[in-house]
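Dear colleague,

I am handing over the structure below, together with an account of what was found in it. Please read the notes with the model open beside them.

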Amino acid sequence: MNQQQERLMRYLTEQSAACLAKQQALAADERRDEAAFEQIRANIFEVFRTVLTTAQNTCGDDAAIQTFFVQRLAQIPGAWTNALNEARAHHDTHQQHLQHVKLGVVQEIRREMARWEVEAP
């Protein structure tokens, strides 16, 4: 595992843990809806942590691992975008918010990866 993959794994793990901690605090305050959305955020970070682990276990070299991860980072949210469009068509604000939460996590991951690419020597 190269340095960028280690950073990404650490980032995904830390973000998931932070979301779960926030979810527990919100649940303790009986803020169920907000707690549910934090749980979803944690789940999405875990999905991409699993994607990275799968890439590391199945791809041969660092370039292949990065390609696999980036492809999944583009592919997986497609279903969420479709669900968002469907929710808009049906004026389902709960589903719209849910899909925005998922897509927001993906944007956070992309921004973090872009930041590292800028910092790379």
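**What was found**

R110 has a relative accessible area of 34%, so this residue counts as partly exposed, a class that lies between buried (under 20% relative accessible area) and exposed (over 50%), computed with a 1.4 Å probe on protein chains only. R110 belongs to helix α5, and, when residues up to four places away in sequence are not counted, R110 touches L73, A74 and P77, where contact means heavy atoms within 4.5 Å. V70 is 40 residues from R110 in sequence, with a C-alpha to C-alpha distance of 9.1 Å in space.

Before going further, please note that this is a predicted model, in which local features need pLDDT of at least 70 and side-chain atom pairs count only at pLDDT 80 or more, while totals for chains, interfaces and linings use all residues. Residues are numbered from 1 along each chain as its sequence is written, and side-chain values use heavy atoms, with hydrogens and water left out. The pLDDT, which is the predictor's confidence in each residue on a scale from 0 to 100, averages 92 over the chain, and 95% of the residues score at least 70. Among the elements, the mean pLDDT is lowest in α5, at 89, and highest in α4, at 96.

As for the overall fold, the chain has five helices and zero strands, taken as DSSP runs numbered from the N terminus (helices are H or I with at least four residues, strands E with at least two). The C-alpha trace spans about 45 × 35 × 25 Å along its principal axes, and 36% of the 121 residues count as buried. Of the contacts between residues at least 6 apart in sequence, 66% join residues at least 24 apart.

Helix α2 covers residues 32–58, and its 27 residues should span 39 Å at 1.5 Å a residue, which agrees with the 38 Å between its end C-alpha atoms; the expected span is 1.5 Å times one less than the number of residues. The buried residues of α2 include E38, R41, F45 and F48.

Which residues touch the most other members of the largest nonpolar core? They are L8, L12, F48, F69 and I109, in a core of 29 residues, where such a core is a set of buried Ala, Val, Leu, Ile, Met, Phe, Trp, Tyr and Cys residues joined through side-chain atoms within 4.5 Å. Helices α1, α2, α3, α4 and α5 each supply at least two residues of this core, and the largest share, nine residues, comes from α2. Leaving aside neighbours within four places in sequence, L12 is in contact with F45, F48, R49, F69 and I109.

There are two aromatic pairs in the structure, a pair being rings of Phe, Tyr and Trp (its six-membered ring) with centres within 6.5 Å, counted as stacked when the planes are under 30 degrees apart, edge-to-face when over 60, and tilted otherwise. The rings of Y11 and F45 have centres 6.0 Å apart and planes at 80 degrees, so this pair is edge-to-face. Because Y11 lies in helix α1 and F45 in helix α2, the pair ties together parts that are 34 residues apart in sequence. The pair of F48 and F69 is also edge-to-face, at 6.1 Å centre to centre with 70 degrees between the planes. Since F48 lies in helix α2 and F69 in helix α3, this pair ties together parts that are 21 residues apart in sequence.

With best wishes
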